[in-house]
Protein chains: 2
Amino acid sequence: MAELIEQDIIRELYESVDSQTTVHVGRVANYDVWDVTLPDGRKAKREIIRHPGAAAVIPVDEDGYVTMVYQFRHPVSRVTLEIPAGKKEYGEDPLVCAERELQEEVGLKAGKMQLLTELASSPGIFDERIFIYLATDLTPCDVNPDEDEFLNIKKFHLSELVDRVMRNEIQDSKTIVAIMMANQIFNK
Amino acid sequence: MAELIEQDIIRELYESVDSQTTVHVGRVANYDVWDVTLPDGRKAKREIIRHPGAAAVIPVDEDGYVTMVYQFRHPVSRVTLEIPAGKKEYGEDPLVCAERELQEEVGLKAGKMQLLTELASSPGIFDERIFIYLATDLTPCDVNPDEDEFLNIKKFHLSELVDRVMRNEIQDSKTIVAIMMANQIFNK
């Protein structure tokens, strides 16, 4: 679901796409340059990194504990604390992807999955969308991580995770968004 | 500030970098492929998109109203509602960048700027960090947008923005994080 924006604002800001060129094809993402027409009629170029998207899950048990993963992340050169997540295949149902990652990374099945948001991680340059689900009614199953993925699983209470976000100790966007939205649902 | 993680978890998950190659140089970002050594000694390749980072500001007035911007975003093919933000130059002080964007995009100066978080927008693939500030004690000044940037400025009450986040109507990661963290500060 997207926001309802007044038509005159959309007309005032709309930029049309004249052509799309992929200038680098990577294994994980592609780098595009698009020729666009600005609202005043001038021409410009926009660089866009294209990615198949991802799904992420915040699994919250009946006592308010969340199963999280530690993982080494090269782009930030350190170990981060994140919710379970994984890349989607092009065209894959994000719910199927989220359920798979929940099972593979932390060994949980959810009786209930609720879509929280379709996060745009960096919409000025990057087209990645991360579908974030709240998973409840959890039952354990086998953990089965990808062979080149090294994870350490740990549980935290949701209230402690909110405190860590507010102390700038958790910095991953999907993880902060999931924690703060789940907190709003459970502690309203 | 980064999270304090137990040393044995870091040792267990650490991946060393053997070499870094830039395979595409863009105007906005670069595409890298790194050779790394996994925790079990095997070798792997990691793709990393490199970006100079950004700064963003949530300006909240004494009545709880937030000055926001509508903007067309090609990566998501639509107009989005976001907090004021802009790309940092390499080496630029993020606070200086945040103050500039606040003045240029929405014509405000802040008596107080408080760092909320150093967001990692997508740390599995993208090294972008977005320094997000809470701006208060606001005074108006001239708006002065970049010449190829088209914006529509509108104020919303913080509580309405939280409702829009919870309805999956605002999807930009930095904007959701700023709204939810500011709400936690003002409505605790």
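**Entry 1. The two chains**

I began with the area buried between chain B and chain A, which is about 7,400 Å², with carbon and sulfur atoms giving 60% of it. I note here that this is a predicted model. I then looked up the contacts and found 82 residues of chain B touching 82 residues of chain A.

Next I asked how many salt bridges there are between chain B and chain A. The count is 4. One that I looked up by name joins Arg27(A) to Glu47(B), with the closest N and O atoms 3.9 Å apart. I wrote down that 28 residue pairs are in polar contact between chain B and chain A, counting pairs with both residues at pLDDT 80 or more. On the side of chain B that touches chain A, helix α4 (residues 173-186) of chain B gives the most, with 8 residues. I sorted that side of chain B by residue type and got 42 nonpolar, 16 polar and 24 charged.

**Entry 2. Thr117(A)**

I picked one residue of chain A to follow. Thr117(A) sits in strand β8 (residues 108-120) of chain A. Is Thr117(A) buried or exposed? Its relative accessibility is 0%, so I put it down as buried, the cut-off being under 20%.

I found that the side chain of Thr117(A) makes a polar contact with the side chain of Asn168(B), at 3.1 Å. I then listed the contacts of Thr117(A), leaving aside neighbours within four places in sequence. In chain A they are Ile130(A), Phe131(A), Ile132(A), Val177(A) and Met181(A). In chain B they are Asn168(B), Ile170(B), Gln171(B) and Ile176(B).

**Entry 3. Domains of chain A**

I turned to the division of chain A, which has domain 1 (2-50) and domain 2 (54-186). The C-alpha centres of domain 1 and domain 2 of chain A lie 29 Å apart. I counted the contacts: 6 residues of domain 1 of chain A touch 6 residues of domain 2 of chain A. These two domains bury about 510 Å² between them, 53% of it on carbon and sulfur atoms.

Which side chains form the salt bridge between Asp127(A) and its partner? The pair is Asp127(A) and Arg50(A), at 3.6 Å from N to O. Across the interface of domain 1 and domain 2 of chain A, the rule finds 1 salt bridge. I also noted 2 residue pairs in polar contact between the two domains, both residues at pLDDT 80 or more. The side of domain 1 of chain A that touches domain 2 of chain A has 3 nonpolar residues, no polar ones and 3 charged ones.

**Entry 4. Salt bridges**

I looked up the total and found 32 salt bridges over all chains. I reminded myself that side chains of opposite charge can pair when their charged atoms come close.

Arg42(A) is partly exposed, with a relative accessible area of 34%. Asp40(A) also counts as partly exposed, at 42%.

Glu101(A) pairs with Arg100(A), with the closest N and O atoms 4.0 Å apart. Here Glu101(A) is buried, at 5% relative accessible area, while Arg100(A) is partly exposed, at 26%.

In chain B, the side chains of Lys45(B) and Asp35(B) meet in a salt bridge at 2.7 Å, N to O. Lys45(B) lies in strand β3 (residues 43-50) of chain B and Asp35(B) in strand β2 (residues 30-37) of chain B, so the pair ties together parts 10 residues apart in sequence. I put Asp35(B) down as partly exposed, with a relative accessible area of 24%.

I also noted one network in chain A, where salt bridges that share partners join Arg73(A), Glu82(A), Asp172(A) and Lys174(A).

**Entry 5. Val57(B)**

Leaving aside neighbours within four places in sequence, I found Val57(B) in contact with Ile83(B), Pro84(B), Ala98(B), Leu102(B), Met113(B), Tyr133(B) and Ala135(B). I also looked up Val57(B) and Glu149(B), which are 92 residues apart in sequence and 17 Å apart in space, C-alpha to C-alpha.

Key: Residues numbered from 1 in each chain as written. Chains lettered and ligands numbered in written order. Predicted model: local features only at pLDDT ≥ 70, side-chain atom pairs only at ≥ 80, totals over all residues. Heavy atoms only, no water. Domains from an automatic or database assignment. Contact = heavy atoms within 4.5 Å. Buried area = accessible area lost by both parts, 1.4 Å probe. Polar contact = N/O pair within 3.5 Å; in protein donor to acceptor, adjacent residues only side chain to side chain. Nonpolar A, V, L, I, M, F, W, Y, C, P; charged D, E, K, R; others polar. Helix = DSSP H or I, 4+ residues; strand = E, 2+ residues; numbered from the N terminus. Buried < 20%, exposed > 50% of the residue type's maximum accessible area, 1.4 Å probe, protein only.
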